[in-house]
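The sequence and structure come first.

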Amino acid sequence: MKLYLSRHGQAVAQAATDALRPLTEAGQAALLSHWQSLQERGIQISGLIVSPYLRAQQTADCIAQVYPGLPRQNCPYLTPDSPPKALFDWLLANPPAADSVLVSHMPLVSQLTASWTGVSERVGFDVGTVACFDVDVTAADGAQLLWLCSPGEEIANR
C-alpha cells in the first residue's frame, strides 16, 4: 500500500505554546501550490491522518482544498516528540486507507522514515516536504521510501 508522509508548512516562530503555532501566509501559499503540483503529476490522495497541532491541522486544510472531501482523522502520535513505535502501534490498531497522507512534524518525520525503512541515515524534511512510501506493514522495517518532494522541487526518486 502507498502512504504519504508530509511535514507541515512554514509556521510562525513563536506562539503561546508550540502546539498553537499557526502557518504563515507564505507557508499556506507554498503548500497549496505544492499539493496542486503533486495533483497535476497524478498523485491521488484518499484520506488525511493529522497531528493535533495547529500548523499540522492547517496543512491538512491546505491539502483538503486541493483534494476536497477527504476523510480526516486526528492522531495523537503524530506530534513532534512522539516515538515512531507509538505511531506504528496506533496505525496497526487504526489501519489507514491506501494513499492516505500522514501530516506531522520534525523530528518525528525523519525518525519515522529511518525506522520505517530501516535506514540509519537521517532523511531531511524541509517544511512542506512530502515522502511517498510503499508500505508492507506499519512497523519498523516495513516500508520502502519511493520518493521525496519539497515545495518548488521535482519528485526525487530514492
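Buried means under 20% relative accessible area, exposed means over 50%, and partly exposed lies in between (1.4 Å probe, protein chains only). This is a predicted model, in which local features need pLDDT of at least 70 and side-chain atom pairs count only at pLDDT 80 or more, while totals for chains, interfaces and linings use all residues. Residues are numbered from 1 along each chain as its sequence is written, and side-chain values use heavy atoms, with hydrogens and water left out.

**Helix α2**
- Helices (H or I, at least four residues) and strands (E, at least two) are DSSP runs, numbered from the N terminus.
- Helix α2 covers residues 54–66 and spans 19 Å from first to last C-alpha, close to the 18 Å expected (1.5 Å times one less than the number of residues).
- Among its buried residues are R55, C62, I63 and V66.
- The buried residues of α2 pack against β1, α1, β2, β3 and β4, where contact means heavy atoms within 4.5 Å.

**Salt bridges at D18**
- A salt bridge is a side-chain nitrogen of Lys or Arg within 4 Å of a carboxyl oxygen of Asp or Glu, and the count comes to four.
- D18 and R21 form one at 3.0 Å, N to O.
- R55 bridges to D18 at 3.2 Å; this pair ties together parts 37 residues apart in sequence, because R55 lies in helix α2 and D18 in the loop between β1 and α1.
- R55 is buried at 2% relative accessibility, whereas D18 is partly exposed at 38%.

- R72 and D61 meet at 2.7 Å between their closest N and O atoms.
- R72 lies in strand β3 and D61 in helix α2, so the pair ties together parts eleven residues apart in sequence.
- R72 is partly exposed at 34% relative accessible area, and D61 is partly exposed at 37%.
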